[in-house]
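Thank you all for coming. I would like to take a few minutes to walk through one structure, moving from its ligand to its charged pairs.

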Amino acid sequence: MAKKKNKKKTMAQRADRHALYQESVQDSEFELDFVQDTYKDIRGHKPVTLREDFAGTARSACVWTKRGKDNEAWAVDFDEEVLEWGRKHNYDKLKAKQQERVHFLQSDVRTVVTPQVDVVLAFNFSYWILKQRADLLAYLKSVHSTLKDDGIMFLDAFGGSEAHTTQVEKHKLDGFNYLWDQNKYNPLTQEMQCYIHFRFPDKSKLDKAFSYSWRLWGGQEIDDLLIEAGFSKVRFFVQLFDDDGDAMDEFEETRDVTDHECWIAYIVAEK
Ligand SMILES: C[S@@+](CC[C@H](N)C(=O)[O-])C[C@H]1O[C@@H](n2cnc3c(N)ncnc32)[C@H](O)[C@@H]1O
């Protein structure tokens, strides 16, 4: 019997959704530059220990250990499949000494127990999976208790009129297109259903490669919850736009946001 030839598979069938995610969504180097610089500006010394919540492939935790010989990281995610991918593709590429300083924890971020750390990350809006106020507050309180006395939590958020609607945003990348699909939005509850799709030059598709059921939390709501959870100060660093209206790789500390159709910000919460 003739063997099936691999070349008959479409690009979508050959694609690895986690690799595509890391290429299109996550920029750990940029995020960790921001984390290190901002922490040092506020505290006057460099952070060393970091917990990556909602870690997925644990990319940021792995990159963290490459940035300093004492840097240590804990990556927390409750999905064994994505953590396993991270072990194979991110962790296995580290040197032995770096591997000793990364810890994978398959656990719920709301109940996980880790040593106290300088920094906790909750990036790419993942905490929006917590839709009830009490649930998000309990999570933020647990993060507060896991931070050292001078620890800082880093989160992100987006908003603006485009966030409060259904729409599909297409980005051309090297060898594939990435689509951000705000598929459903309930303006009463601010619950949204979003997907990531990928499209390939051979016209094949990887639809609903990732699915997110979120509550679109407002900036002020998040600020209030962080303060209620015990954080002493909350800062917003908002992404800047150039004169053509294109987003730049620059974030400015401000609360005075103009009425753009879209804003993205890092949120920095000091213990
Ligand atoms: C959008 S990915 C984030 C990946 C990466 N950290 C980033 O910044 O792009 C969200 C991850 O959160 C995980 N997750 C969702 N709820 C969780 C929970 N309560 N506890 C632990 N992990 C959770 C999912 O399994 C998924 O891997």
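Let me begin with a question: how far does a polar side-chain atom of Asp-108 lie from a nitrogen atom of the ligand? The distance is 3.1 Å, which falls under the heading of a polar contact, that is, a pair of N or O atoms within 3.5 Å, where within protein one must be able to donate a hydrogen and the other to accept it, and residues adjacent in sequence count only if both atoms are side-chain atoms.

Before I go further, a word on where these values come from: this is a predicted model, in which local features need pLDDT of at least 70 and side-chain atom pairs count only at pLDDT 80 or more, while totals for chains, interfaces and linings use all residues. Residues are numbered from 1 along each chain as its sequence is written, and side-chain values use heavy atoms, with hydrogens and water left out.

Staying with the ligand, a polar side-chain atom of Tyr-21 lies 2.5 Å from a ligand oxygen, and an N or O atom in the side chain of Asn-124 is 2.7 Å from an oxygen atom of the ligand. Taken alone, the ligand exposes 600 Å², and the protein buries 90% of that, with areas computed by the Shrake-Rupley method using a 1.4 Å probe and, for residues, only the protein chains shown counting as cover.

Asp-108 also forms a salt bridge with Arg-110, the closest N and O atoms being 2.9 Å apart; the term means a side-chain nitrogen of Lys or Arg within 4 Å of a carboxyl oxygen of Asp or Glu. Over the whole structure, the search finds 18 salt bridges.

Another of these joins Asp-118 to Lys-148, at 3.8 Å between the closest N and O atoms. Because Asp-118 lies in strand E4 (residues 117-122) and Lys-148 in strand E5 (residues 147-159), this pair ties together parts that are 30 residues apart in sequence; strands here are DSSP runs of at least two residues, and helices runs of at least four, numbered from the N terminus. Asp-118 is buried, at 6% relative accessibility, whereas Lys-148 is partly exposed, at 30%, where buried means under 20% relative accessible area, exposed over 50%, and partly exposed in between (1.4 Å probe, protein chains only).

In helix H5 (residues 80-91), Arg-87 and Glu-84 sit 3 residues apart, about one turn of the helix, and their side chains meet in a salt bridge at 2.7 Å, N to O.

Finally, Arg-43, Arg-235, Glu-253 and Glu-270 are linked in a network of salt bridges.
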